[in-house]
Amino acid sequence: MSSEVVVSSPSTDEQQPSPATQASNSALKKVNLLGMSRAELENFFEKLGEKKFRAGQVMKWMHQYFVTDFAEMTNISGKLRAKLEQLCEIKAPEVVHRHYSKDGTRKWVFRVGDGAGSLVETVLIPAEDKTGLRKTLCISSQVGCALDCSFCSTGKQGFQRDLTPDEIIGQLWVANQSYMEDVPVAERTRSVTNVVMMGMGEPLLNYDAVLSSMYIMLDDFAYGMSKRRVTLSTSGVVPKIDQLAQDIDVALAISLHAPNDELRNELVPINKKYPLAQLIAACQRYINKDGNESARKHVTIEYVMLDGVNDSLEHAQQMIRLLKNLPSKINLIPFNPFPHAPYGRSSRNRIIAFQKALSDAGFVCTIRQTRGDDIDAACGQLVGQVADRTRRAEQWKKKVAERNEIMRSHG
Ligand code: SF4
């Protein structure tokens with residue numbers, strides 16, 4: 001886990017040491033404010049003997065003006081700025097690789113954790129729609145993933161650990177900040193319009209950190225995003241879908257990928273624990289939770305098109321039967337093959353025929369445009385490549401050191 005000091009929530013912090021004590025206990029470990037929700041920050045400032053409204057001020061500096069130096073926070077007294085400088089930091093994960101594609105797609109690989117750390121990736125995909133230019137950021141929630149979906153590059157890397165809230169929200173921070181690097185502080189704005197929790201990892205298996213990060217996304221003192229523009233995508237952790245419905249109002253997407261249990265058990269193994277009937281029922285409950293103002297008017301169904309595996313017209317008919325009572329929009333995703341992938345991408349004709357069958361049955365069904373192919377935008381791929389390069393560089397360094405050692409020992 002991260003080395004950052006975590007400030008407890010207001011209800012459980014009575015026994016906790018003060019922030020000053022926490023910081024002095026470890027000279028090197030400053031409290032990272034980036035991943036704190038407003039409630040946590042208010043609690044933090046109260047413990048410092050300051051007014052709660054300081055939380056909103058600092059949040060705006062961090063998340064709306066992308067300021068990390070307390071000295072630049074001009075509406076805060078010099079004395080408090082000095083105290084914050086001493087106790088805290090505002091720190092996003094380290095960017096170890098970034099690539100901006102010709103088609104506007106941007107991709108980052110972050111190092112998280114101590115020492116050599118672990119790598120996670122984030123991708124931003126721009127698209128024009130009737131509301132203007134959308135910039136959708138696909139955020140990772142875990143290092144690797146334990147669920148081992150058979151078509152997924154991340155699943156092949158295994159599970160390493162959960163990301164902390166500052167590592168999750170830090171991805172959004174870096175993406176927004178990347179458009180503002182040369183803009184004077186007073187003129188900075190937020191560029192990312194949509195977030196999907198659909199990167200590496202299963203977000204509902206890192207529930208608390210993901211929830212806390214989504215609160216920050218929706219908070220007007222931070223990113224102020226519309227609840228309809230924040231989407232959590234899950235492979236189907238049914239009990240957590242119900243919990244999510246109680247805790248926050250965001251859009252829900254399901255990584256379906258198969259229209260029957262037999263095939264889904266193979267492609268998305270968590271289906272053995274929570275089969276389709278349970279999953280669809282949970283989606284119904286999620287949509288029915290609130291009234292008209294909810295972000296939950298429909299569920300987005302994600303369906304990766306695997307050549308000869310799940311892309312026949314019979315599969316389309318099974319989808320139609322499965323989803324007939326669930327308000328849903330279907331997004332067909334042409335598979336992006338990765339090295340040693342056991343599947344191929346369905347042909348364009350097959351994808352269009354599949355889409356037509358669903359559209360004819362009354363579903364809104366779109367085909368995701370493949371973007372960022374020149375930077376390997378499929379989930380998990382870039383991390384694999386950067387890790388490979390790092391390993392190769394390390395092996396090379398080791399070989400050089402060994403050779404030098406041999407030369408030294410031979411005079
Ligand atoms: S598709 Fe999602 S849930 Fe499945 S292994 Fe990949 S990251 Fe995990």
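Author: A residue counts as buried if 20 or more other C-beta atoms lie within 10 Å of its own. The structure discussed here is a predicted model.

Reader: What percentage of the 411 residues of the protein chain count as buried?

Author: The protein chain has a secondary structure of 13 helices and 14 strands. Among its contacts between residues at least 6 apart in sequence, 67% join residues at least 24 apart. Of the 411 residues, the share that counts as buried is 41%.

Reader: Which strands stand at the edges of the open sheet of 10 strands?

Author: The sheet has mixed pairing, and its strands follow the order E3-E4-E5-E6-E9-E10-E11-E12-E13-E14. Two of these strands have a single partner each, so one side of each is left without a neighbour in the sheet. From one strand to the next the twist averages 20 degrees. The strands at the edges are E3 (94-100) and E14 (364-367).

Reader: Which residue of E4 is the bridge partner of Val95?

Author: Strands of a sheet pair through backbone hydrogen bonds, either parallel or antiparallel. Strand E3 and strand E4 (residues 106-112) run antiparallel and are joined by six bridges. In E4, the partner of Val95 is Phe110.

Reader: Is strand E11 largely enclosed or open, and how many of its five residues are buried?

Author: Strand E11 (251-255) is touched by helix H10 (residues 276-288), which packs on the sheet and also touches strand E12 (299-305), with the direction of H10 making about 170 degrees with that of E11. Strand E10 (residues 230-234) pairs with E11 in the parallel sense over four bridges, and Thr234 stands opposite Ile254 of E11. E11 is largely enclosed by the rest of the structure, because the number of its five residues that are buried is four.

Reader: At which residues does UniProt place the feature "binding site"?

Author: The ligand is surrounded by a shell of residues including Cys145, Cys149, Cys152, Met200 and Glu202. The residues of this shell divide into five nonpolar, five polar and two charged. According to the unreviewed UniProt entry, the feature "binding site" falls at Cys145, Cys149 and Cys152.

Reader: Is Cys145 buried or exposed?

Author: Cys145 lies in the loop between strand E7 (142-144) and helix H5 (153-156). Leaving aside neighbours within four places in sequence, Cys145 is in contact with Thr154, Gly155, Phe159, Met200, Gly201 and Glu202. Since the threshold for burial is 20 or more other C-beta atoms within 10 Å, and Cys145 has 26 such neighbours, Cys145 counts as buried.

Reader: How many C-beta neighbours does Cys152 have inside 10 Å?

Author: Cys152 is found in the loop between E7 and H5. This residue also belongs to the surroundings of the ligand. Cys152 counts as buried, and its number of C-beta neighbours inside 10 Å is 23.

Reader: Which helices do the buried residues of H3 pack against?

Author: Helix H3 (residues 54-63) is largely enclosed by the rest of the structure, because seven of its 10 residues are buried. The buried residues of H3 are Arg54, Ala55, Val58, Met59, Trp61, Met62 and His63. They pack against helix H2 (38-47) and helix H6 (165-177).

Reader: What distance separates the C-alpha atoms of Leu326 and Cys283?

Author: Leu326 has its place in the loop between helix H11 (313-322) and strand E13 (328-334), and with 16 other C-beta atoms within 10 Å it is partly exposed. Not counting residues up to four places away in sequence, Leu326 touches Ile280, Cys283, Gln284 and Val299. Although Leu326 and Cys283 are 43 residues apart along the chain, their C-alpha atoms are separated by 7.7 Å.

Notes:
Residues numbered from 1 in each chain as written. Predicted model: local features only at pLDDT ≥ 70, side-chain atom pairs only at ≥ 80, totals over all residues. Helix = DSSP H or I, 4+ residues; strand = E, 2+ residues; numbered from the N terminus. Buried ≥ 20, exposed ≤ 12 C-beta atoms within 10 Å, placed from the backbone. Contact = placed C-beta atoms within 7 Å. Pairing = 2+ DSSP bridges. Axes fitted to C-alpha atoms, helices over the stretch in contact; angles between N-to-C directions. Near = placed C-beta within 6 Å. Nonpolar A, V, L, I, M, F, W, Y, C, P; charged D, E, K, R; others polar. UniProt positions renumbered as here; feature names shortened; annotations may be inferred.
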